[in-house]
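Let's take a friendly walk through this structure together. Keep the 3D view open and find each residue as it comes up.

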Amino acid sequence: MALTRPIADTTLVDQALSTAPSHALGDPVVVVEGLRKSFGAREVLCGIDLCVRAGEHVVIFGPSGSGKSTLLRSINLLEEPTHGSLKVFDVEYGPDGASGVRRGNPLELRRTVGMVFQQFNLFPHLTALENVALPQRAVRRTKRAEAEERAALALRRVGLLRHAAHYPNELSGGQQQRVAIARALSLDPKIMLFDEPTSALDAELVGEVLEVMRELAEAGMTMVVVTHEIGFAREIGDLNVFMDQGVIVESGDRTLFDSCTNPRLQKFVSAVL
Ligand SMILES: Nc1ncnc2c1ncn2[C@@H]1O[C@H](COP(=O)(O)OP(=O)(O)OP(=O)(O)O)[C@@H](O)[C@H]1O
Ligand SMILES: [Mg+2]
């Protein structure tokens, strides 16, 4: 193809493209405003504002104890915020939402927002297929045959259909985490939350889980991911969020890791890279 502009321009465009999301972002689907969470007298989220748009991939990172898990767990109400507003698809779930906005309940929220944890939490006495089918039967009251059919589809999506009849102790950690991802996907969530999904894995098993997450991201899933895998964050993170001591210290696109001037962020990034 003939060059239609000077090479210098092309380089600038390439740079811009490498930092901009490779896909169009939609409307805000999660809007967190002034979110606070205390455990007893101790406030661990100290006023968080965060907006996640449809199709966006948000990566949250920061030191241990900074409140990352608490924020993620608050987004699907596994933790109840003490103050602030949490809107998901324009429905208010926080304690301080504006009047006139429709209020929703936790069960309704968890049908929309799937979550994957560091520990896979599979039932040891159930096969991979049964583990994936169970929540559909419990949450959606889906009949067994349909739940198992959907479970098989979800297992195929994470590349584990041929392991459907295996029990967790017959699967590697990476495979177990992929079953946990399939379990969340089988409920057809619109948003997926991942809390350090690879931290409990041996290094050689991390890649297969990140690969499944990468495919989900490429398929357009809205994702909020807590991870220390900075390479992965650079790859998929449309918005990268650095938390410390219960606040968002800095956030930005993929250039955040290179251009940061905040000393706390610089120190953290140089320690994990
Ligand atoms: N259920 C709880 N009861 C009391 N304190 C809690 C509870 N859950 C979390 N905390 C405290 O809240 C703070 C934030 O914890 P959180 O788990 O959100 O941090 P994190 O950033 O996810 O850390 P890590 O990187 O170690 O997972 C910590 O000081 C923690 O001890
Ligand atoms: Mg955590």
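## Around ligand 1

In this predicted model, the residues surrounding ligand 1 are F39, R42, V44, P63, S64, G65, S66, G67, K68, S69, T70 and E196. Sorted by class, this shell holds 3 nonpolar, 6 polar and 3 charged residues.

Which atoms lie by the oxygen atoms of ligand 1? From the backbone of G65, an N or O atom lies 2.8 Å from an oxygen atom of the ligand. G67 also has a backbone N or O atom by a ligand oxygen, at 3.0 Å. With S69 it is the side chain that takes part: one of its polar atoms lies 2.8 Å from an oxygen atom of ligand 1. On its own, ligand 1 has 630 Å² of accessible area, and the protein covers 62% of this.

Two elements, β2 (42-53) and α2 (68-75), each give two or more residues to the shell. Which one gives the most? That is α2, with 3 residues.

## The nonpolar cores

Now turn to the inside of the protein. In soluble globular proteins, nonpolar side chains tend to be buried together. Here, the largest nonpolar core has 48 residues. Those with the most contacts inside this core are F61, L155, I181, M192, F194, M213 and M223. Helix α7 (residues 203-218) supplies the largest share of the core, 8 residues.

Leaving out residues up to four places away in sequence, I181 touches V116, V158, M192, F194, V209, V212, M213 and L216. Another core, of 28 residues, lies apart from the largest one. Its members include L35, L45, V226 and M243.

## A closer look at S85

Next, find strand β4 (residues 83-88), where S85 is located. Is S85 buried or exposed? It counts as buried because its relative accessibility is 6%, and the cut-off for buried is under 20%.

What does the side chain of S85 pair with? It is joined to the side chain of E92 by a polar contact of 2.7 Å. If we set aside neighbours within four places in sequence, S85 is in contact with V31, V32, E33, L35, E92, G94, D96 and G97. You have already met one of these residues: L35 is among the members of the 28-residue core.

Methods: Residues numbered from 1 in each chain as written. Chains lettered and ligands numbered in written order. Predicted model: local features only at pLDDT ≥ 70, side-chain atom pairs only at ≥ 80, totals over all residues. Heavy atoms only, no water. Near = heavy atom within 4 Å. Polar contact = N/O pair within 3.5 Å; in protein donor to acceptor, adjacent residues only side chain to side chain. Areas by Shrake-Rupley, 256 points an atom, 1.4 Å probe, with all protein chains shown as cover. Helix = DSSP H or I, 4+ residues; strand = E, 2+ residues; numbered from the N terminus. Nonpolar A, V, L, I, M, F, W, Y, C, P; charged D, E, K, R; others polar. Core = buried A, V, L, I, M, F, W, Y, C linked by side-chain atoms within 4.5 Å. Buried < 20%, exposed > 50% of the residue type's maximum accessible area, 1.4 Å probe, protein only. Contact = heavy atoms within 4.5 Å.
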